Amino acid sequence: MSDRLRPRDLAILAAESPTTPMHNATVEIFDPGDSGFDHDRLRQLIADRIAFVPRYRQRLQVVPGRLANPAWVDDDAFDLGFHVRRSALPRPGSMDQLRELVARIASRPLDRTRPLWECYFVEGLEHGRVALLTKSHQILVDGRETVDIGQVLLDTSPDRSTLGHDDEWRPRRPRGPVALALGAVTDSLESPSTVWQTTVANAESVGRRASATGARVAEVASALAGRGPVHSTPVHRRLSQQRRFVTVRTELADHRAIREARGGTVNDVILAVLAGGLRGWLMARAESLSGLRTVKAIVPMSVIDDELEATSLGSQITGHLVHLPISEPSPLMRLHQVSYDLKAHGDNGRAVSARRLSGIAGFAPTTFHALGSRLAAAELRRGFQVSITNVPGPQFPLYADGARMLESYPVHPLLPDHPLAIGVTSYDGGVFYGITADRDAVPDADTLGQCVRESLEELRDAATDSTPRAPRGRRRNPKESKS
């Protein structure tokens, strides 16, 4: 395992700020039943499985003088109790209360002096349920050397399997400042490109800080002059340090019924539902749609492509730009347009099927969501307005130490000036939408969640009537091919 932070990971660290903490999270709801699953059992479970994600016991060590990128080192003061935390809602805790707790935890940056992850066991939910919130920094989960810890905690059976509790683990002694500096010099001599990459990364970091400072100065100057900040669209706003989180639980059967009636894929249906949800939300805010006919979304997708960086999950991740037709009043036409937009991706033969993705060992959606958010951060220059990650999970129940997982919602980080991010996970007959929003820029995030639910109902009702089936993509007229 390489100890040196890669330039792209250093760029993620440089982009992080109090308004844009760069971590992914997942909130999962469990029914403990008679399993006895509690905070202590969760600690034991993580202690048993953490050996499979060794990065989760490492922290970053900065090289003196920034002669090289920071290095991963074993945390010689690793404290599992610090990372695995206990929380509770006033009984009987509602989903609204859970969402508020998740939003507050997601708003807080991680401590860079420790391993970059946290896990919360939340008690007190109604009907005797509990929740598990895992939170990992983007640089921790790269899919190549490290997967998300959520991928190794769940089993296919209520009977927990002990996979190798490593009581013998001892942290390697961290190198001192002199040794780190000498190591940086050695790396530079062996690989001159390291010097260049480090210099570029440091320069980009300084540039981002200067740009942020300049933006704040300009904002203050505008305020003194009596001018308010200029916002281009409702999906492009300056961020605060606080978040909102909205969940929408739907049934996979409804999405499949639309697919069967109108063609395409479940992914097409999900994106069409989100297009309708965004349309309804904007109309509820009395926003004019004349200047915003589409919302440009970056949709990370799994492909087979030897030219892209390999991951341990058996595929690569690439970003596809999709123009969500929010000005289109017909739900069937929205589905048709989204299907056409995605058709090229499916026709190139590189796309990985949902069945293959859902068959990856462990609960891979947590890792795929983390990789999707990393890709979105790297693709900001493409000018999208919202990131949407849709990951299929297994269609059978999973368990954490005997407790059955009922729901799983991704909690995506927000990118600079992007007040919305959406993650979707399908699992065990359900499709779970997780909407992360800026607390100030999107005070009506709950309305967006309701509009997503209504959009699915509208599309389902329209798709299952007797109207003609909408083709997926534009088919060339035979006469056109002859001309």
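Trainee: Which residues have the most contacts inside the largest nonpolar core, and what makes it a core?

Mentor: Val27, Ile46, Leu98 and Trp117 have the most contacts inside this core of 68 residues. It's called a nonpolar core because its members are buried Ala, Val, Leu, Ile, Met, Phe, Trp, Tyr and Cys residues joined through side-chain atoms within 4.5 Å. Buried means under 20% relative accessible area, exposed over 50%, and partly exposed in between (1.4 Å probe, protein chains only). A second, separate core of 47 residues includes Val266, Leu292, Cys451 and Val452.

Trainee: What should I know about the model itself?

Mentor: This is a predicted model, where local features need pLDDT of at least 70 and side-chain atom pairs count only at pLDDT 80 or more, while totals for chains, interfaces and linings use all residues. Residues are numbered from 1 along each chain as its sequence is written, and side-chain values use heavy atoms, with hydrogens and water left out.

Trainee: What does valine 27 contact, away from its sequence neighbours?

Mentor: Beyond the neighbours within four places in sequence, its partners include Leu98, Val102, Phe245 and Tyr409. Contact here means heavy atoms within 4.5 Å.

Trainee: Why is asparagine 24 called buried?

Mentor: Its relative accessible area is 8%, and the cut-off is under 20%, so asparagine 24 is buried. It lies in strand β1 (residues 23–31). By the way, strands (E, at least two residues) and helices (H or I, at least four) are DSSP runs, numbered from the N terminus.

Trainee: What makes the link between the side chains of asparagine 24 and serine 373 a polar contact?

Mentor: The distance is 2.5 Å. A polar contact is a pair of N or O atoms within 3.5 Å; within protein, one must be able to donate a hydrogen and the other to accept it, and residues adjacent in sequence count only if both atoms are side-chain atoms. So 2.5 Å is inside the limit.

Trainee: How do you know that the length of helix α13 makes sense?

Mentor: The expected span is 1.5 Å times one less than the number of residues. With 19 residues (445–463), α13 should span 27 Å, and its end C-alpha atoms are 27 Å apart, which agrees. Ala445, Leu448, Gly449, Cys451, Val452, Ser455, Leu456, Leu459, Ala462 and Ala463 are buried in α13. They cover an arc of only 160° around the axis, which puts them on the same side of α13. That arc is taken from the directions from the helix axis to the C-beta atoms.

Trainee: What about histidine 127 and aspartate 417: how exposed is each?

Mentor: Histidine 127 has a relative accessible area of 66%, so it is exposed. Aspartate 417, at 29%, counts as partly exposed. Histidine 127 is in the loop between β5 (117–125) and β6 (130–137), with phi near 65°, a positive value in a residue other than glycine. Aspartate 417 also has phi near 65°.

Trainee: Where is there a cis peptide bond?

Mentor: Between arginine 91 and proline 92, where omega is about -10°. Proline 92 is in strand β4 (residues 84–93).
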